[in-house]
Amino acid sequence: MAQKILVTGGTGYIGSHTVVELQETGFDVIVVDDLSNSRIKVLDNITKITGTRPAFEKFNLADQIKTLDFLSHHNDISAIIHFAASKAVGESVEIPVKYYRNNLNSLMNLLDGMKNYNIPNIVFSSSCTVYGQPNHLPVTENTPRKDAESPYGNTKRVCEDILNDTITAYPQLKGIALRYFNPIGAHHSALIGELPIGIPGNLIPFITQTAAGIRDELKVFGDDYNTPDGSAIRDYINVVDLAKAHVVAIRRLLEGNNKSGYEIFNLGTGKGLSVLEIVNGFEKVTGVKLNYKIVDRRAGDIEKIWADTTYANNELGWQAIKSLEETLLSAWNWEKNIRNIK
Ligand code: UD1
């Protein structure tokens with residue numbers, strides 16, 4: 001019988017792509033999502049891609065009673081991938097308690113349930129935000145973490161600590177924290193992708209919405225950074241490559257190949273690209289001109305970061321393989337699909 005994986009936040013951006021990859025590898029998937037930042041229709045589109053509709057329950061994992069009740073009835077789950085979280089950096093500065101309550105409680109409730117109902121494995125969505133602006137580039141998993149720039153970033157840091165401490169206390173539990181760099185792009189079917197509610201905060205959805213005529217103008221935040229073209233540098237990773245790394249991490253736990261109870265991996269491409277390189281790349285690959293303007297730096301942004309992926313490549317036998325061109329085109333095809341642009 002296929003092993004069952006609980007994917008929290010499975011109707012969200014990275015979650016939905018991971019559900020597809022898990023199903024295509026032969027896993028049974030059950031999704032829990034409160035649909036606070038995603039739509040139920042995502043399940044229809046996952047079904048169109050894979051031919052199988054994942055099981056689904058709608059509730060907020062910060063609700064301890066619901067979460068423990070759910071896990072008590074699903075103790076046949078082999079592993080959890082925990083994506084569900086609030087993730088808007090700006091909002092986290094305005095309403096920090098919402099972020100601490102949602103992001104910390106949901107992880108703690110899952111860990112309690114794992115201990116109570118013998119669910120041994122968890123993969124946690126962390127972020128390169130835990131490194132802040134590193135002193136040396138690229139960053140390895142041993143690069144020291146820095147104080148978070150936002151309550152959102154702090155929840156990722158504290159959740160990593162909660163996970164580590166809990167696994168130390170209960171050695172029957174095993175966990176992997178995956179530190180994502182900047183996930184972009186969409187599934188090649190253009191049936192699932194990133195669906196920001198309201199004005200996008202992230203670069204790629206803002207670019208595709210500008211290209212689609214929904215936004216008048218892209219603002220490039222800063223051209224006076226200490227980088228070759230003056231704009232900020234990030235490590236942009238294709239979301240399907242990223243999703244596949246979750247399947248590898250789950251297999252590692254299920255097959256007992258982990259080196260210690262708690263492991264951390266950087267998930268990036270290893271290559272830094274500037275905002276202007278992304279803008280130019282998008283124009284080149286899609287043939288669509290972007291109306292953009294250079295403005296001041298955005299508060300809280302770091303100058304540059306990219307991953308050293310050696311450890312993930314060697315230990316997981318995983319690598320980001322999709323080209324920037326293919327990735328940007330997939331983001332545009334997704335935007336065109338949801339806006340009915342031919
Ligand atoms: C942001 C968060 C990060 C979070 C990630 C989730 C901050 C400081 N960091 O990363 O903690 O994990 O999102 O996806 O918010 N840019 C523009 N114009 C725009 C939008 C972005 O020039 O309209 C630039 C930014 O200044 C940055 C780059 O594009 O240099 C990428 O920005 P974004 O997509 O928001 O990601 P991060 O800020 O790296």
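I will talk about the ligand in this structure and the residues that surround it.

Please keep in mind that this is a predicted model, in which local features need pLDDT of at least 70 and side-chain atom pairs count only at pLDDT 80 or more, while totals for chains, interfaces and linings use all residues. Residues are numbered from 1 along each chain as its sequence is written, and side-chain values use heavy atoms, with hydrogens and water left out.

Around the ligand there are 20 residues, and Leu203, Lys219, Arg234, Arg298 and Asp301 are the closest; a residue counts here if one of its heavy atoms lies within 4 Å of the ligand. Sorted by class, this shell holds 10 nonpolar, six polar and four charged residues, where Ala, Val, Leu, Ile, Met, Phe, Trp, Tyr, Cys and Pro count as nonpolar, Asp, Glu, Lys and Arg as charged, and the others, Gly among them, as polar.

Let me turn to the polar contacts, meaning pairs of N or O atoms within 3.5 Å. An oxygen atom of the ligand lies 2.6 Å from an N or O atom in the side chain of Arg234, an oxygen atom of the ligand is 2.9 Å from a polar backbone atom of Phe221, and for the side chain of Thr129 the corresponding distance from a ligand oxygen to an N or O atom is 3.4 Å.

Methods
Polar contact = N/O pair within 3.5 Å; in protein donor to acceptor, adjacent residues only side chain to side chain.
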